[in-house]
Amino acid sequence: MLKTTINLEPGKKVYFASDQHFGAPNPKESKVREEKFIRWMDEIKEDAQVLFLMGDLFDFWHEWKHVIPKGYVRVLGKIAELKDRGIHIYFFVGNHDLWMKDYLEEEIGCTVFYKKQYFEMGGKQFLLAHGDGLGPGDKGYKRMKKVFTNPVAQWFFKWLHPDIAMKIALYMSQKNKMISGDEDKEFLGEEKEFLIIYSKEKLKTQKIDYFIYGHRHLPMVLDLEQKAKYINLGDWISYFTYGVFEKDFELRSFAEGEKKITPKRGN
């Protein structure tokens with residue numbers, strides 16, 4: 001098991017955010033949420049040592065050889081500013097931006113991950129992932145993901161004119177529930193939530209203190225066996241929630257001018 005160790009500096013914190021889906025449902029409405037996310041990044045930059053962007057930053061993202069999607073200039077610029085300040089940026093590819101290649105790495109200096117990763121921070125063991133495709137079930141999405149990540153399918157898609165390709169992709173992203181996950185808006189219970197099942201299985205063979213995911217859009221901290229915790233970061237559509245770790249993990253919601261702890265917690 002490969003693991004990255006991060007030694008936290010005194011007074012510094014690690015931040016986590018997921019599922020912004022910028023671009024949805026349209027550029028005008030997305031811009032309001034983008035501006036709020038930028039204000040949050042402005043607030044955390046004073047004490048952040050690491051920022052984990054846990055997937056689906058964009059509602060759709062695809063990189064051609066010489067073209068990237070239009071928009072998101074201020075968001076990308078703010079991420080670049082944080083990186084230039086010495087903050088480490090780790091980006092997990094989600095199911096909406098799984099066509100991410102090397103743009104964020106080359107232009108901003110982010111580290112991009114395409115699958116789950118293990119970290120040690122503050123003496124605690126973390127398993128981090130966007131969450132799509134993990135655990136049992138969700139067979140329809142898993143089959144579709146194999147198509148999306150197939151090199152031949154990607155080769156054909158990249159030959160579409162970007163205007164046509166983006167129009168098709170955005171339509172599918174917003175309308176197809178299998179892709180977007182819009183059908184998963186309620187907590188199904190511990191025995192049916194695939195990420196909780198996956199985490200419990202991992203605990204049988206590995207010592208993990210924190211399982212941190214996005215994807216489900218449901219902000220939650222759930223106590224598991226062995227004092228481990230399952231954490232879903234929520235989203236920046238309905239909840240505007242994020243995680244922060246210094247000595248312990250907290251799930252918070254962003255309110256203008258303050259950091260408010262969310263009352264949501266699994267039992």
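1. **Ground rules.** Because this is a predicted model, local features need pLDDT of at least 70 and side-chain atom pairs count only at pLDDT 80 or more, while totals for chains, interfaces and linings use all residues. Residues are numbered from 1 along each chain as its sequence is written, and side-chain values use heavy atoms, with hydrogens and water left out.

2. **The whole chain.** The secondary structure comes to eight helices and 13 strands; helices (H or I, at least four residues) and strands (E, at least two) are DSSP runs, numbered from the N terminus. Of the 267 residues in the chain, 51% are buried. Here buried means under 20% relative accessible area, exposed over 50%, and partly exposed in between (1.4 Å probe, protein chains only). The chain exposes about 13,700 Å², with carbon and sulfur atoms supplying 53% of it; these areas come from the Shrake-Rupley method with a 1.4 Å probe, and for residues only the protein chains shown count as cover. Take the contacts with a separation of 6 or more: 65% of them are between residues 24 or more positions apart, where contact means heavy atoms within 4.5 Å.

3. In the largest nonpolar core, which has 37 residues, Phe37, Trp40, Leu51 and Ile79 touch the most other members. β2 (13–17), α1 (27–44), β3 (48–53), α2 (73–84), β4 (88–92) and β11 (241–245) each supply at least two residues of this core. Apart from it lies another core, of 21 residues, among them Phe92, Leu233, Phe249 and Leu251. By nonpolar core I mean a set of buried Ala, Val, Leu, Ile, Met, Phe, Trp, Tyr and Cys residues joined through side-chain atoms within 4.5 Å. As background, nonpolar side chains tend to be buried together in soluble globular proteins.

4. **Leucine 51.** Which residues does leucine 51 contact, leaving aside neighbours within four places in sequence? The list is Tyr15, Trp40, Met41, Ile44, Leu82, Ile87, His88, Ile89 and Tyr90.

5. **Helix α1.** With 18 residues, α1 reaches 25 Å from its first C-alpha to its last, close to the 26 Å expected at 1.5 Å a residue (the expected span being 1.5 Å times one less than the number of residues). Asparagine 26 caps the N-terminal end, with a side-chain oxygen 3.2 Å from the backbone nitrogen of lysine 28. Buried positions in α1 include Phe37, Trp40, Met41 and Ile44, but also Ser30, Arg33, Glu34 and Lys36. The buried residues of α1 pack against β2, β3, α2, β11 and β12 (249–255).

6. **Helix α8.** This one is largely enclosed by the rest of the structure, because seven of its ten residues are buried. Those are Phe194, Leu195, Ile196, Tyr198, Ser199, Lys202 and Leu203. They pack against β6 (117–121), β7 (124–129), β8, β9 (220–223) and β10 (229–232).

7. **Aspartate 209.** This residue is in the loop between α8 (194–203) and β8 (210–213), and it is buried, with a relative accessible area of 11%. What does its side chain find there in the way of polar partners? One polar atom of the aspartate 209 side chain lies 2.7 Å from the backbone nitrogen of glutamine 125, and the side chain also makes a polar contact with the side chain of lysine 207 at 3.3 Å. A polar contact is a pair of N or O atoms within 3.5 Å; within protein, one must be able to donate a hydrogen and the other to accept it, and residues adjacent in sequence count only if both atoms are side-chain atoms. Not counting residues up to four places away in sequence, aspartate 209 touches Gly123, Lys124, Gln125, Lys227, Ala228 and Lys229. The C-alpha atoms of aspartate 209 and lysine 229 are separated by 6.2 Å, though the two are 20 residues apart along the chain.

8. **Arginine 252.** Found in strand β12, arginine 252 counts as buried at 13% relative accessibility. Its side chain makes a polar contact with the side chain of glutamate 250 (2.8 Å).

9. **Aromatics.** A search of the whole structure finds 28 aromatic pairs. The rings of tyrosine 90 and phenylalanine 119 have centres 5.3 Å apart and planes at 70 degrees, so they pair edge-to-face. Tyrosine 90 lies in strand β4 and phenylalanine 119 in strand β6, so the pair ties together parts that are 29 residues apart in sequence. Phenylalanine 119 is buried at 0% relative accessibility. Rings of Phe, Tyr and Trp (its six-membered ring) pair if their centres lie within 6.5 Å; planes under 30 degrees apart count as stacked, over 60 as edge-to-face and the rest as tilted.
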